[in-house]
Amino acid sequence: MTKEMLENISLPRHIGIIMDGNGRWAKQRGLPRSEGHKAGAKTFRAICDYGAELGIECLTFYAFSTENWKRPADEVAAIMNLFRDYLTEAEEREEENAVKGMRIRYIGDRTALPADIVDMIDKLEENSADKKTITINLAVNYGGRDEILHAVRAVAQKVQAGELKAQDITLNDIDGNLYTAGLPDPDLIIRPSGEYRLSNFLIWQAAYSELWFSDILWPDFTADDLDKAIIDYGKRNRRFGGV
């Protein structure tokens, strides 16, 4: 029945997902928070593959925010090691991902990330740049306000250089300097874990996104849950300010 319902829905081109609830998942099981992040990483891989199977054009995952540096040092270190593990695995699965047409990108400020992680990111992005079936964006050291600030500074530099007049600045000038430049805005943003906020995720791009919230903790999120979110999205009337 679910498959039939999906066939009658115009799928969202771009889905954003806030991967939340890893720590609580671990706490419920008497495990260290790092185990929750490991379980969440497995869910991330599964949803990436399922999104490609469905034909979603772009998936953006909120993995590590600019505010997450405030967490305990051992937890931050564990998350960084998980990034290393994922990057290594993605390199090993390069041929498999290529068959799926999976382009992998990282959005966020890389300057604060360990140099070895940045090098691995650069290599993975370069090697998958020509893939066109699905784009996987992993938001690392990402913040929506920080992203807008980055874009505004880029536009201001053009004004300062005399390449652009202040009165001629358009929304497209901002949009074109975001980390997601060239990609469609998210049609649907999903947040599991029982929280009802965007938490600084894609706040420019989410102006007209449909929002879907669930009490499910991210490590327990499944392909069936993604189906439910998409089916609910398909029932909504998106007017974009019109009638």
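Q: Why is Glu-89 called partly exposed?
A: In this predicted model, Glu-89 has a relative accessibility of 23%. Buried means under 20% and exposed means over 50%, so Glu-89 counts as partly exposed.

Q: What makes Arg-45 count as buried?
A: The relative accessibility of Arg-45 is 17%. The limit for buried is under 20%, and therefore Arg-45 counts as buried.

Q: Why is the pairing of Glu-89 with Arg-45 called a salt bridge?
A: The closest N and O atoms of Glu-89 and Arg-45 are 3.0 Å apart. A salt bridge requires a side-chain nitrogen of Lys or Arg within 4 Å of a carboxyl oxygen of Asp or Glu, so the pair qualifies.

Q: Which residues make the contact of H3 and H4?
A: From H3 come Arg-33, Ser-34, His-37, Lys-38, Ala-41, Phe-44 and Arg-45, and from H4 come Glu-75, Ala-78, Ile-79, Leu-82, Tyr-86 and Glu-89. By class, the residues of this contact are six nonpolar, two polar and five charged.

Q: Is Arg-93 buried or exposed?
A: Its relative accessible area is 18%. Since buried means under 20%, Arg-93 is buried.

Q: What makes the link between Arg-93 and Asp-49 a salt bridge?
A: The N to O distance between the side chains of Arg-93 and Asp-49 is 3.3 Å. The cut-off is 4 Å, so the pair meets the definition. Arg-93 lies in the loop between H4 and helix H5 (94-99) and Asp-49 in helix H3, so parts 44 residues apart in sequence are tied together. At 25% relative accessibility, Asp-49 counts as partly exposed.

Q: How is Glu-96 classed, and with which side chain does Arg-93 meet it?
A: Glu-96 has 38% relative accessibility and so counts as partly exposed. The side chains of Arg-93 and Glu-96 meet in a salt bridge at 3.2 Å, N to O.

Q: Which residues are linked in a network of salt bridges?
A: The network links Arg-45, Asp-49, Glu-89, Arg-93, Glu-96 and Lys-100. The structure holds 22 salt bridges.

Terms used
Residues numbered from 1 in each chain as written. Predicted model: local features only at pLDDT ≥ 70, side-chain atom pairs only at ≥ 80, totals over all residues. Heavy atoms only, no water. Contact = heavy atoms within 4.5 Å. Helix = DSSP H or I, 4+ residues; strand = E, 2+ residues; numbered from the N terminus. Nonpolar A, V, L, I, M, F, W, Y, C, P; charged D, E, K, R; others polar. Buried < 20%, exposed > 50% of the residue type's maximum accessible area, 1.4 Å probe, protein only.
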